[in-house]
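Reader: Could you walk me through this one while I have it open on my screen?

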Amino acid sequence: MTFTEAMEHVAQVFEAIGAAVLLVGLFVSAWLGVRAFRRSKDGSSAYRVLRQSFGGVILLGLEILVAADLVRTVAVTPTLRSVTVLGVIVLIRTVLSFSLETEIEGVAPWRRAAMSGAGHVARAARTSRDTPRSPGP
């Protein structure tokens, strides 16, 4: 196996991990939203938990997919064209990440402390856990 073939496999592993993060994150986010709804009986609170946690998952997935693109471009096909395509992909994903993070936080990134995608999921999990239960019938 050549170095180029090995790096192509590494990039494919990163892509598979990125896809798995997105898929598993969808289910975890849905579970957190359901848990928040069961505890509070408040749909808007559950929606915020779901949106916050899945937004963090999308950010994490995008970061992993960018890593796959980096490995593929730098190690597999380091041509001017592939580097240009990588630059456009990274630019698009950066704009998406910026937009998602601003939407989740409600504040531009430079106006608050930095928080990772995993931090969004953790905060959503705490919110779904700490939401007070509504009184039962």
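Reader: Where is Leu 23 placed?

Author: Leu 23 lies in helix 1, residues 3-40, where helices are DSSP runs of H or I with at least four residues, numbered from the N terminus. This is a predicted model, in which local features need pLDDT of at least 70, side-chain atom pairs count only at pLDDT 80 or more, and totals for chains, interfaces and linings use all residues. Residues are numbered from 1 along each chain as its sequence is written, and side-chain values use heavy atoms, with hydrogens and water left out.

Reader: Which residues form the largest nonpolar core?

Author: The largest nonpolar core has five residues, namely Leu 32, Ala 36, Ala 46, Val 49 and Ala 124. The elements giving two or more residues to this core are helix 1 and helix 2 (43-76). Such a core is a set of buried Ala, Val, Leu, Ile, Met, Phe, Trp, Tyr and Cys residues joined through side-chain atoms within 4.5 Å.

Reader: And what is Leu 32 in contact with?

Author: Leaving aside neighbours within four places in sequence, Leu 32 is in contact (heavy atoms within 4.5 Å) with Val 49, Ser 53, Val 121, Ala 124, Ala 125 and Ser 128.

Reader: Switching topic, is Ser 97 buried or exposed?

Author: Ser 97 counts as buried because its relative accessible area is 18%; buried means under 20%, exposed over 50%, and partly exposed in between, with a 1.4 Å probe and protein chains only.

Reader: Where is Ser 97, and what does Ser 97 touch?

Author: Ser 97 sits in helix 3 and touches Leu 59 and Leu 62, not counting residues up to four places away in sequence.

Reader: Which residues of helix 3 are buried?

Author: The buried residues in helix 3 are Ser 82, Leu 86, Arg 93, Ser 97, Glu 101 and Ile 104.
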